[in-house]
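Here is my note on this structure, written as numbered points. Please keep the model open while you read.

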Amino acid sequence: MLSEQTRRWQELDARHHFHPFTTHKELAEKGARIITRAEGCYVWDSEGHKILDGMAGLWCTQIGHGRERLARIAHDQIRQLDYYNAFFQCATPPAVELAAKLAQLLPPGMDRFHFVNSGSEANDTVIKSVWYYWNLMGKPEKKHFISRTLGYHGVGVGSASLTGMRFMHEPFDLPLPRFHHIGNPYPWIEGRGKDPAAFGLEAARWLEEKILELGPENVAAFVAEPIQGAGGVIIPPETYWPEVQRICRQYDVLLVSDEVICGFGRTGSWWGHETMGFEPDIVSMAKGLSSGYVPIAAVAFGRRVGDVIFAGEKEYAHGVTYAGHPVCAAIALENIRIMEEEGLGTRASGPIGAYFRERLTTLADHPLVGEVRTKGLLACVELCKDKATGELFQPVGKVGLVCRDLCVENGLVMRAIRDGMVLSPPLIVTEEQIDEIVTKARTSLDQTLAAIG
Ligand code: PLP
């Protein structure tokens with residue numbers, strides 16, 4: 001029996017609140033889970049259930065929830081300067097300091113930043129900046145973007161066009177013209193039965209084929225996540241990224257790394273492109289930049305594009321009211337300081353990442369589990385109907401949702417992407433908490449097996 005308070009919130013939610021990525025009829029029947037409190041790696045709902053946040057919010061709470069220091073910084077910054085903009089030749093100290101700090105964290109030359117509020121806006125900024133760049137370079141025909149069918153880059157009209165998922169296109173008449181999608185370096189599905197190294201090269205060459213089909217003189221950029229997050233934690237074979245980089249250079253195509261999930265230590269280095277071994281021209285980032293405490297995102301420009309835009313005599317007529325918001329920038333800076341002090345930028349590549357992999361891999365013997373893969377503190381446990389052949393459940397995605405709901409009932413947030421059970425815990429996660437994740441995941445898998453008969 002739910003409390004009166006929970007029922008009231010659920011009722012108001014059902015009546016007035018339009019949720020992201022939600023079937024509202026279904027939500028109205030179930031009622032939303034109301035999350036009221038969070039600390040460290042745990043969240044609590046309005047009924048007092050304690051739930052291990054195996055997704056770090058939505059891939060973002062790197063330093064864990066409820067840090068007093070961030071509350072203090074927000075308080076101090078609001079008292080000092082609550083808001084001012086970066087238009088009309090103004091700047092605020094937190095925005096300037098944050099840009100300088102990010103320049104230290106990225107490879108040399110990747111040192112100019114445009115701030116926005118979300119990953120979607122960051123990628124819309126990427127699209128416009130790339131078009132702007134090619135116009136300044138006197139190549140106005142170089143405007144086509146290539147990304148991947150399971151790439152997730154946001155929900156703006158441009159960023160959703162970069163996003164490859166069909167279910168996000170069809171209801172909204174997207175993608176826009178000039179956006180193209182190729183296959184994914186996804187060994188579990190697209191590389192079935194193939195040698196991983198050979199498959200990595202094959203998947204990279206889909207990019208080359210698409211460039212040649214469109215004409216290299218028309219292709220502006222390739223945009224991709226180092227490891228695809230919302231596409232299902234797709235970890236490409238080692239051969240993939242070096243070949244992609246070679247192809248982009250050969251055809252004079254800009255390489256954009258969407259690090260909204262992979263940035264800020266998630267994969268074991270500060271940046272996903274470091275982990276995967278490539279050098280992008282542009283990086284977009286969000287989430288871990290503030291550990292999700294406040295909305296802030298950024299686009300980092302390397303010399304090639306940054307120099308041209310900086311030297312431009314034409315106005316860069318783009319930017320939002322809250323670009324480099326001083327409170328958000330101050331919080332992001334303090335978040336990065338905490339990450340540096342606690343070694344969180346690389347923690348996932350140390351013993352804790354190894355422990356995460358070792359313990360999660362123990363789930364591979366479960367009758368429902370076809371594959372377990374991890375990189376840093378990212379993981380996917382793929383469920384399938386037949387372990388021996390890897391045959392998937394039909395329709396894909398149904399069993400994943402059963403398992404996801406059981407996980408939450410058992411006190412663990414694990415996200416279902418198709419039938420892949422995904423984890424991305426806060427980077428402060430402990431060995432004991434990893435044990436708790438694995439125990440709860442196994443219980444949920446057993447219950448899923450029983451539930452589907
Ligand atoms: N890019 C990637 C790789 C993402 O995972 C996301 C969100 O999950 C976005 C962009 C969009 O970010 P936002 O939801 O902040 O607009």
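1. Which residue in the turn of the hairpin of S1 and S2 has a positive phi? It is Gly-40, with a phi of about 60°. Two residues lie between the strands of this hairpin. Strands here are DSSP runs (E, at least two residues), as helices are (H or I, at least four), and both are numbered from the N terminus.

2. A word on the source. This is a predicted model, in which local features need pLDDT of at least 70 and side-chain atom pairs count only at pLDDT 80 or more, while totals for chains, interfaces and linings use all residues. Residues are numbered from 1 along each chain as its sequence is written.

3. Start with the sheet of three strands. It is open, with the order S1-S2-S3 and antiparallel pairing. Two strands pair if DSSP finds at least two bridges between them. Strand S1 (35–39) and strand S3 (50–52) are the edge strands, each pairing on one side only. On average, neighbouring strands are turned by 30° against each other, direction ignored. Such angles are taken between N-to-C directions and run from 0 to 180 degrees; axes are lines fitted to C-alpha atoms, for helices over the stretch in contact.

4. Now look at its bridges. S1 and S2 run antiparallel and are joined by four bridges. Glu-39 has Tyr-42 in S2 as its bridge partner. Tyr-42 also stands opposite Leu-52 in S3. Val-43 stands opposite Ile-51 in S3. Three bridges link S2 (residues 42–45) with S3, again in the antiparallel sense. These two strands form a hairpin with four residues between them, and Gly-48 in its turn has a positive phi of about 85°.

5. Next comes the sheet of seven strands. This open sheet has the order S4-S10-S9-S8-S7-S5-S6, and its pairing is mixed. At the edges, pairing on one side only, are strand S4 (112–116) and strand S6 (179–182). Neighbouring strands are turned by 20° against each other on average, direction ignored. S7 (residues 219–224) and S8 (residues 254–258) pair in the parallel sense over four bridges. Phe-222 has Leu-255 in S8 as its bridge partner.

6. Helices pack on this sheet. H8 (residues 196–214) touches strand S5 (144–148), S6 and S7, and its direction makes about 145° with that of S6. H11 touches S4, S8, S9 (282–285) and S10 (297–301), at about 95° to the direction of S10. Contact requires C-beta atoms, placed from the backbone, within 7 Å.

7. H11 (residues 303–311) also packs with H6, at an angle of about 70° and with the axes 10 Å apart. The two helices are therefore roughly perpendicular (65 to 115 degrees). H6 contributes Ser-129, Tyr-132, Tyr-133 and Leu-136, while H11 contributes Val-305, Val-308 and Ile-309.

8. Which helix gives the largest share of the shell around the ligand? It is H6 (residues 119–136), with three residues. In total, 14 residues surround the ligand, and the closest are Ser-118, Gly-119, Ser-120, Gly-154 and Val-260. Here a residue counts if its C-beta atom, placed from the backbone, lies within 6 Å of the molecule.

9. Last, the hairpin of S11 and S12. Its strands have two residues between them, and Gly-376 in the turn has a positive phi of about 60°. S11 pairs with S12 (residues 378–383) in the antiparallel sense over six bridges. Lys-375 has Leu-378 in S12 as its bridge partner. Why is S11 (residues 369–375) largely enclosed by the rest of the structure? Because five of its seven residues are buried (20 or more other C-beta atoms, placed from the backbone, within 10 Å of a residue's own).

Notes: A residue is buried if 20 or more other C-beta atoms lie within 10 Å of its own, exposed if 12 or fewer, and partly exposed in between; C-beta atoms are placed from the backbone. Angles under 35 degrees count as roughly parallel, over 145 as roughly antiparallel, 65 to 115 as roughly perpendicular and the rest as oblique. Two residues are in contact if their C-beta atoms, placed from the backbone, lie within 7 Å.
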